Amino acid sequence: MAIQFLKSGKPAKARAEEDARVRQVVEETLVKIGALGDTAVRELSAKFDGYSPASFRLSVSEIEAAMQKVSTRDMEDIRFAQTQIRRFAEAQRASMTDVEVETMPGVILGHKNIPVQSVGCYVPGGKFPMVASAHMSVLTAQVAGVPRIVASAPPVDGAPHPAIVAAMHLGGAHEIFVLGGIQAIGAMAIGTETIDPVHMIVGPGNAFVAEAKRQLFGRVGIDLFAGPTETMVIADDTVDAEMCATDLLGQAEHGYNSPACLITNSRSLAEGTLSEIDRLVKILPTRETALTSWEDYGDVIVCDSHEEMLQVANDMAYEHVQVMTDRDDWYLENMHSYGALFLGPRTNVANGDKVIGTNHTLPTRKAGRYTGGLWVGKFLKTHSYQKITTDEAAALIGEYGSRLCMLEGFVGHAEQCNIRVRRYGGRNVPYGEPVLPVEAAE
């Protein structure tokens with residue numbers, strides 16, 4: 001039996017047409033922000049969020065007022081989540097060490113891990129205010145040592161979302177703005193009269209936010225392409241259909257275009273999951289969003305074997321991959337293209353999204369083939385340095401460098417080596433000529 005799709009989402013052509021429309025809107029909007037600055041940002045915020053305050057940046061008193069609206073229990077939960085995330089981020093940071101080595105007598109090479117100097121952290125709002133995204137970006141940047149952390153999230157019901165503001169502040173944000181969508185990304189990356197631009201933009205968002213980051217990449221750095229949420233469940237008959245359906249719908253509720261996929265070698269589990277989704281979606285309070293995503297972007301794929309399931313999963317390279325099989329560690333060993341793995345039925349994507357400690361800003365749209373998710377290392381730049389400390393080393397390295405530069409036709413490069421061979425090696429090297437080995441020169 002070949003790979004079978006019991007259910008498929010929209011064809012690729014339809015998705016491509018949607019992407020093209022998003023690209024055009026984003027391009028026009030970014031040009032407008034670049035030309036008009038604050039005027040464009042204010043107009044866009046009023047149009048899309050109904051929000052146009054005297055200043056989009058929150059003052060200290062406004063931050064304190066927002067945090068006062070957060071209940072004691074919610075504040076405790078935010079602190080608990082940030083403690084878990086900080087512990088893991090600090091462990092990651094400790095694993096990244098500066099390096100210095102003497103590769104030969106008198107030749108010292110090294111690298112230093114230096115924080116990006118300013119970062120803009122976007123936190124999605126809209127229908128589902130993503131409080132946890134503030135932990136993932138702001139707090140992780142703080143652990144990395146970023147000296148200027150700008151955080152921005154859209155207003156909710158016409159005002160700053162108190163819990164998001166609290167999470168940003170506790171995470172270590174130096175500047176907090178109430179801005180959403182393309183206007184937030186554009187303002188932080190391009191800059192306006194009142195918002196200084198940053199060197200890097202991070203954080204998840206909808207298709208427009210992801211496209212804005214893509215178009216701005218190069219002008220600023222970005223973490224990764226983190227678009228609409230994707231979830232994949234890899235399961236065999238060691239788990240039941242209710243578990244699979246719950247985990248698929250739990251992520252499909254993110255938005256109207258959040259892909260969810262089941263890969264299994266059990267046809268009965270596949271059919272049972274489809275039936276369970278039909279049952280659960282009728283009682284799910286967020287069924288309108290989840291059902292639209294499932295109908296348009298849901299897949300159920302039946303394979304012959306675990307090897308075939310692995311191949312399909314690696315080819316699709318989804319953001320969240322939940323593995324519930326009789327060989328979870330085998331998948332951990334052999335999966336190579338994904339955002340994050342969630343191993344075993346006791347583990348779930350929601351815990352990873354909110355509290356367990358790993359970062360939930362992850363690659364989508366097959367970006368997992370070439371990058372992992374946001375982590376403390378994304379905020380660090382690894383810069384090399386070199387130093388020659390003895391005359392002998394300068395002459396020896398210069399000799400080889402001279403000849404290799406001339407091999408490529410770079411005479412000026414070769415002279416950089418030659419002058420040091422003359423001064424530190426005491427050799428008479430004709431201008432514009434390669435340094436000959438000592439035995440050949442003699």
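Contact here means heavy atoms within 4.5 Å. The model is a predicted one, in which local features need pLDDT of at least 70 and side-chain atom pairs count only at pLDDT 80 or more, while totals for chains, interfaces and linings use all residues. Residues are numbered from 1 along each chain as its sequence is written, and side-chain values use heavy atoms, with hydrogens and water left out.

Setting aside neighbours within four places in sequence, Val119 is in contact with Val146, Arg148, Ile149, Val150, Val198, Met200, Val202 and Phe379. Helices (H or I, at least four residues) and strands (E, at least two) are DSSP runs numbered from the N terminus. Two strands pair if DSSP finds at least two bridges between them. Strand S4 (residues 118-122) pairs with strand S7 (residues 200-202) in the parallel sense over 3 bridges. In S7, Met200 stands opposite Val119.

An open sheet is formed by 5 strands in the order S6-S5-S4-S7-S8, with parallel pairing. Its edges are strand S6 (175-178) and strand S8 (221-222); each has a single partner strand, so one side of each is left without a neighbour in the sheet. S5 and S6 run parallel and are joined by 4 bridges, and Ala151 has Ile176 in S6 as its bridge partner.

Buried means under 20% relative accessible area, exposed over 50%, and partly exposed in between (1.4 Å probe, protein chains only). Glu175 and Phe177 point one way from S6, Ile176 and Val178 point the other way, and all are buried. Helix H6 (residues 162-171) lies across strand S5 (148-153) and S6, running at about 170° to S5. For such angles, axes are lines fitted to C-alpha atoms, for helices over the stretch in contact, and the angles run from 0 to 180 degrees between N-to-C directions.

**Nonpolar cores**

A nonpolar core is a set of buried Ala, Val, Leu, Ile, Met, Phe, Trp, Tyr and Cys residues joined through side-chain atoms within 4.5 Å. The largest such core has 69 residues, and those with the most contacts inside it are Val119, Met168, Ile185 and Phe379. Helix H5 (residues 131-144) gives the most to this core, with 8 residues. A second, separate core has 21 residues, including Leu249, Ala252, Leu262 and Trp294.

**The mixed sheet**

Another open sheet is formed by 6 strands in the order S1-S11-S10-S9-S12-S13, and its pairing is mixed. Strand S1 (4-7) and strand S13 (340-343) stand at the edges with a single partner strand each, so one side of each has no neighbour in the sheet. From one strand to the next, the twist averages 20°.

S1 pairs with strand S11 (residues 298-302) in the antiparallel sense over 3 bridges, and Gln4 has Val302 in S11 as its bridge partner. Helix H11 (residues 287-297) lies across S1, strand S10 (260-264) and S11, at about 50° to S11. Helix H12 (residues 306-316) also packs on the sheet, touching strand S9 (231-235), S10 and S11, and its direction makes about 160° with that of S10.

**His320**

His320 is found in strand S12 (residues 320-324) and is buried, with a relative accessible area of 2%. A polar atom of its side chain lies 2.8 Å from the backbone oxygen of Glu230. Leaving aside neighbours within four places in sequence, the contacts of His320 include Thr229, Glu230, Thr231, Met232, Gln251 and Asp353.

The structure holds 2 aromatic pairs. Rings of Phe, Tyr and Trp (its six-membered ring) pair if their centres lie within 6.5 Å; planes under 30 degrees apart count as stacked, over 60 as edge-to-face and the rest as tilted.

| Pair | Type | Centre to centre | Angle between planes |
|---|---|---|---|
| Tyr51 and Phe56 | tilted | 6.2 Å | 55° |
| Trp330 and Tyr331 | edge-to-face | 4.9 Å | 85° |

Tyr51 counts as buried at 10% relative accessibility, and Phe56 is buried at 8%. Trp330 is partly exposed, with a relative accessible area of 26%, whereas Tyr331 is buried at 0%.

Leu407 is found in helix H15 (residues 391-407) and is exposed, with a relative accessible area of 69%. Leu407 and Trp330 are 77 residues apart in sequence and 49 Å apart in space, C-alpha to C-alpha.

Technical notes
A polar contact is a pair of N or O atoms within 3.5 Å; within protein, one must be able to donate a hydrogen and the other to accept it, and residues adjacent in sequence count only if both atoms are side-chain atoms.
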